[in-house]
Amino acid sequence: MTSSLPADARGRVRRRKSSQLGDKIFFNAARGAGILLLVIMAAIAGFLAYRSALALTKNEGNFFTTFEWTPDAQKPVFGIAVLAFGTIVSAVIAMAIAVPVAIGIALFISHYAPRKIAQPFAYLVDLLAAVPSIVYGLWGALFLVPHLDGLTSWMDEYLGWTYVFDQTRAGTTPRTLFTVGILLAIMILPIITAVTREVFRQVPRMHEEAALALGATRWEMVRTAVLPFGRPGIISASMLGLGRALGETIAVAVVLSSNSVLSLHLLDPGGGTFAQNIALKFNEAGPFGRDALMASGLVLFVITLLVNGAARLIVARRKEYSGANA
């Protein structure tokens, strides 16, 4: 039937069929990739849950409140109280330092700096995101830790009344959760900055010009047009950084002096994180000890899922800022 059509009409029909075939192939490939990702996550969760159950059934202590970690002892006792505290506290410190600085750098690159300065600066930020973790860890151990004595002493003298920054063991090397938080902030800063910068660049030009036309200063334009539009992107970028902070292993293992002491004095050595504990103890652990480490890994897996789920909920509630079509 198509043979009776003119040549140009037959060409359009063939192109339409080819386009429909391409759409079907792309749709099925995308759906298959999504299903494969869910299967992989389910397999990881199932494996961790199975190995965790083997360990938890023989644990002599409370898994959530015990400070001690001796799963290979004659009476295995292990818990995640210290690990959970160290992971969350170090990540919170890192986010509190990195997010405001990253937003400021992103605004400087996208809206304040001249192009001749902004482009090399943006390239430098992207380059920092590619630095391996071990390099940050060695820098933290060899440079950051020795040079934090003055800062920790100053915080102890002037902020010690807060109890959190009270240094009870004066003169000790600052291999603390506070130091780890600073190091993690430096590590996640390039990621948050790079994503936030790209989000700010997507702000519709019409919104910015409208604010300026109404007499707004540049900062008022940023506050009323750029930041509201980029809020979902800022949250997403922050969650990417938080994910790296929660799961960072080598840098934390090099810098932090881990032990089984849970202390609210952030300037005192001690504590630990999930990832650091797994990295340091996996090789020397026995079969049951490795199952215990899998149990702690399962907790970290659940924490990561909850954090990302919360971020998605926050972004979904802010859809009115992400749908500008101008």
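Thr168 is partly exposed, with a relative accessible area of 47%; partly exposed lies between buried, under 20% relative accessible area, and exposed, over 50% (1.4 Å probe, protein chains only). The model is predicted: local features need pLDDT of at least 70, side-chain atom pairs count only at pLDDT 80 or more, and totals for chains, interfaces and linings use all residues. Residues are numbered from 1 along each chain as its sequence is written, and side-chain values use heavy atoms, with hydrogens and water left out.

**Surroundings of Thr168**

- Thr168 lies in the loop between α5 (149-159) and α6 (177-201); helices (H or I, at least four residues) and strands (E, at least two) are DSSP runs, numbered from the N terminus.
- Leaving aside residues up to four places away in sequence, Thr168 touches His265 and Asp268, where a contact means heavy atoms within 4.5 Å.
- Thr168 and Leu267 are 99 residues apart along the chain, and their C-alpha atoms are separated by 8.1 Å.

**The cavity**

- One cavity of 30 Å³ or more is found in a search of the whole structure; a cavity is a set of points on a 1 Å grid over the protein atoms alone where a 1.4 Å probe fits but cannot get out.
- The largest cavity has a volume of about 80 Å³, a volume being the space filled by probe spheres set on the points, which are joined across faces, edges and corners.
- His265 and Asp268 are among the residues lining the largest cavity, as are Phe85, Thr176 and Leu177; lining residues have an atom within 4 Å of a point.

**The nonpolar patch**

- Phe108, Tyr112, Ile117, Phe121, Tyr123, Leu124, Leu127, Leu128 and Trp219 form a nonpolar patch on the surface, with about 880 Å² of accessible area together.
- Helices α2 (81-112) and α3 (115-128) each supply at least two residues of the patch, and the largest share, six residues, comes from α3.
- Ile117, in helix α3, is partly exposed, with a relative accessible area of 46%.

**The whole chain**

- The chain contains eleven helices and two strands.
- Of its 326 residues, 41% count as buried.
- The accessible surface of the chain is about 18,100 Å², of which 66% belongs to carbon and sulfur atoms; areas come from the Shrake-Rupley method with a 1.4 Å probe.

Note on methods. Patch = residues over 30% accessible without salt bridge, like charges linked within 9 Å, V, L, I, M, F, W, Y side chains within 5 Å. Salt bridge = Lys/Arg side-chain N within 4 Å of Asp/Glu carboxyl O. 1 Å grid on protein atoms, 1.4 Å probe; cavity = no way out; pocket = protein on both sides within 12 Å on 5 of 7 lines; lining within 4 Å.
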